[in-house]
Amino acid sequence: MTLPSIFDTAEGARLKQSSAKVGRWNRWGPFVSDRAWGTVREDYSPDGSAWEYFPHDHARSRVYRWNEDGLAAICDRHQYLCFGLALWNGKDPILKERPFGLTGNQGNHGEDVKEYYFHLDSTPTHSFMRFVYKYPQAEFPYQQLFDENRRRDRSQPEYELADTGIFESGRYFDVRVEYAKASAEDILVRIIVTNHGPDAAPIHVLPTLWFRNSWSWGWDSRRPTLEKLGADLVGANHWELGEYLLHCEKPDSLLFAENETNFERVFGYKATHAFPKDAFHDYVIHNKTDAVNPAFRGTKAAAHYMRVVPPSQSVTLRLRLRSRANAAQAGARADAFADFDAVFSSREHEADEFYKAAIPQTLDPDSRMIARQAFGGMLWSKQYYHYVVQDWLHGDPGQPEPPQTPARLDGRNHDWTHLFSRDVISMPDKWEFPWFASWDLGFHCIALAHVDPQFAKDQFLLMLREWYTHPSGQIPAYEWDFNSVNPPIFALAARGVFEIDRERSGTPDYAFIERVFQKLLLNFTWWVNRKDAQGNNIFHGGFLGMDNISAFDRDRLPPGYMLGQADGTSWMAAFAKSMLSTALLLAERNPVYEDLASKFWEHYIYIANAMNSVSTPQDSLWDADDGFFYDHLTHPDGRREPVRARTMVGFVPLFGASTVKADTFSRFPDFQRRRQWFIDHRPDLIQSVQPMVTPGPTGNLILGMVREDQLRRMLACMLDENEFLSPFGIRAVSKYHEKHPLILHLDGETYRLDYEPGESMTDLFGGNSNWRGPVWMPVNFLILLALKQFHAYYGNSFKIECPTGSGVQMNLSEVADELARRLCSIFRLGKDSKRPVFGDCPLFNSRPDWRDCIPFHEYFHGDTGRGCGASHQTGWTGLIAQLLIGLPETGHRGALNPG
């Protein structure tokens, strides 16, 4: 599908400036986390108990070492200066400065945010952004949420804020925060507070400006300053960022404090700072007028607005944060709000123009809104991520030495001391997962490439730099354990981003894809050397991103056992295929890459044969009786048996398939000679990948290890509504296991796998995610791409029942479209005017001001489509935007289908 160019819009022009590193349009954005407490970075405990070391109760009073958090907050890209919102409804025991949630040890299904807020809109340069927070007018039920979730076990649903009844009768505020940039360093802020209740209700709104504390650690003692310059004006001065002004329209007062720890409250000894971080809390809630600095100076400041909002009415607050240079250009006496409404109107119009180019206007209005919110959520999920492992392990010169215990010095991330992060990175979810996860990031970038291809490309290059990737070649997984092994998605995803960028911009960025390819050579070698334990091209890797999908923890097998993984091996085959495809792309400009193409051709052939051998089927991971790929468990005595779990693991062999025209290889004579040698001299190996050498009905070849007979049997299972096919996509575990659980006995221990379509019933991997039955967007997305590619090979000659047993025959492209329709229906309004993602929550399903606020959950109930897990994971769930835009039909250099 050809779309108008996003670069022919006003926002596109700003993107071009950012890509050229001029104009500084990317200097400010929503780079503040929703949660910094309870993270590994802030954990200096002797035993790695991150949730307990820095709890939510400390967050308002204790300074963060690494990065800040806030509500609807923005900052510069180095997070020197932050701006966010604080609220008080006159009843809460805590000033609302950040979203509240339960820790991994408090929630009956792991950590979970217990607030409702939505990222409604954003342009890529954040020239326009919109956010809404649903703020109850009654006292926030902190203890009730804690007690009830603690009382419930894993067989019961999570107890959510809506379940408390606090939103009944509409007694809540919509607090809508909008940002518009007049220029790169001139940011307009509009806060609209709407009372949905039947009575007038008071609210305190404190737009807050603060500096990240960089002076308390002993590396640089320079302290920036905030000071009152007038009744409605705050000045900010930072030696690196420069001078800024915060104009506040008609505040009741200006408050000042320090971004410093309240030692007396947190640690129980005499305070060393007169006006600590929680000063505004004490001033507003406890009426302690001496809590704030009477000299009107500090490193934290707020404009205090006290308003009473009539029923069904709104109040609007206006502020403007801009560099002093921008203010000077406007003139010393110029009214800071004279052009306010005009700028907002212009930026909103430009945002509409941009998304008309990014999203097909042939979509229905509801689908366009979903796609736009998906992109908006992804763009709001950028975060300044700061973590220097060496300093974290050994401490800062201005602070007490961290515990030098074995659990710390030889524990989490101790062998990643090269990692030095202080960058803006796309997060999976800025509350539940406020840290990068490398395989999530690959999927994020595919969706982001449609609206900000340069940012998407930069994310890959960042992760592959020497201060992230380990000297061994391993790509860091996530901060709880950088050593964990994620699926090697980068080669496939980066090539997809390259193709989307080429399609959107019309100019292929060969420098980008060549840099990625060169770096991934090291990562591929790491996989071959570290994860092929027996040297037989059957790969391991442990959980590989699909947490609890097995009956046992695949990271921690009983002593003496080894697991040959169908998914680990298939991921490596997909990695080799992607590297082969990219090597040939680069060989068009430099024949040297033909040698590397030959290398990856050979790797792929050996891996495919080891997994799916025709000549030695007893060694294959394919089970001819069941028509499915299984992991194989090797016992200490050498016995080998399949682990007959009908899970998404068995479909990973489909991933990464790509088609090419049959005459493609003739353009690469050196590669073609090596390829032909294999065909002529190793027919035993070629049998496993016959479609790679024999053109299909369409005249194409396919780089894919699944043969036609296998594909038919796999699809019969996948498209069976009694097994994998849900009304909302493909389940991660077959419904077959609902009545037929897999039970294994190993070394006196019993392991069990059941079909669990919603939240997890076990505490494996923390219990906050579940791969035992729900629908997960990223793997469904890869299935759809694979089906499109197999259709490009077989054409309309290959048809299959969809659903199995229905009598309805479809070609593979039609099957992919049907699966995409089911996935999109999770979010779309149904005939009953409800969205399945909301489950049976009457609040979302009945109130107009909730019905179009879309939560992009981590995963979805396998039977109902209800959103589960993290509720703001527009990271990989943002792929829904790609599905709504539409998948390309063939592999001939279409986006995401490199040929």
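**Notebook: aromatic rings and nonpolar cores**

I began with Phe 100, which has 7% relative accessibility and therefore counts as buried, the limit for that term being under 20%. The model I am reading is a predicted one.

I then looked up Phe 140; its relative accessibility is 1%, so Phe 140 is also classed as buried.

I turned to the aromatic pairs and noted a count of 72. For Phe 100 and Phe 140 I recorded ring centres 6.1 Å apart and planes at 80°, so this pair is edge-to-face; the angle required is over 60 degrees. Phe 100 belongs to the loop between β3 (81-88) and β4 (101-102), and Phe 140 to the loop between β7 (128-136) and α4 (142-151), so the pair ties together parts 40 residues apart in sequence.

I next examined Phe 354 and Tyr 355, an edge-to-face pair with 5.2 Å from centre to centre and 85° between the planes. Both of these residues are buried.

I also found one aromatic cluster, whose members include Trp 66, Tyr 385, Trp 416 and Phe 482.

I searched for charges over rings. The charged end of Arg 62 sits over the ring of Tyr 53, 4.7 Å from its centre, and Arg 646 lies over the face of Phe 628, at 5.2 Å from the ring centre.

Lastly, I consulted the nonpolar cores. The largest has 214 residues, and Met 648, Leu 654, Phe 790 and Phe 827 have the most contacts inside it. Helix α16 (residues 566-587) gives the most to this core, namely 13 residues. I noted a second, separate core of 53 residues, with Phe 83 and Tyr 305 among them.

Conventions
Residues numbered from 1 in each chain as written. Predicted model: local features only at pLDDT ≥ 70, side-chain atom pairs only at ≥ 80, totals over all residues. Heavy atoms only, no water. Core = buried A, V, L, I, M, F, W, Y, C linked by side-chain atoms within 4.5 Å. Buried < 20%, exposed > 50% of the residue type's maximum accessible area, 1.4 Å probe, protein only. Helix = DSSP H or I, 4+ residues; strand = E, 2+ residues; numbered from the N terminus. Phe/Tyr/Trp six-rings, centres within 6.5 Å; stacked < 30°, edge-to-face > 60°. Lys NZ or Arg CZ within 6 Å of the ring centre and 35° of its normal.
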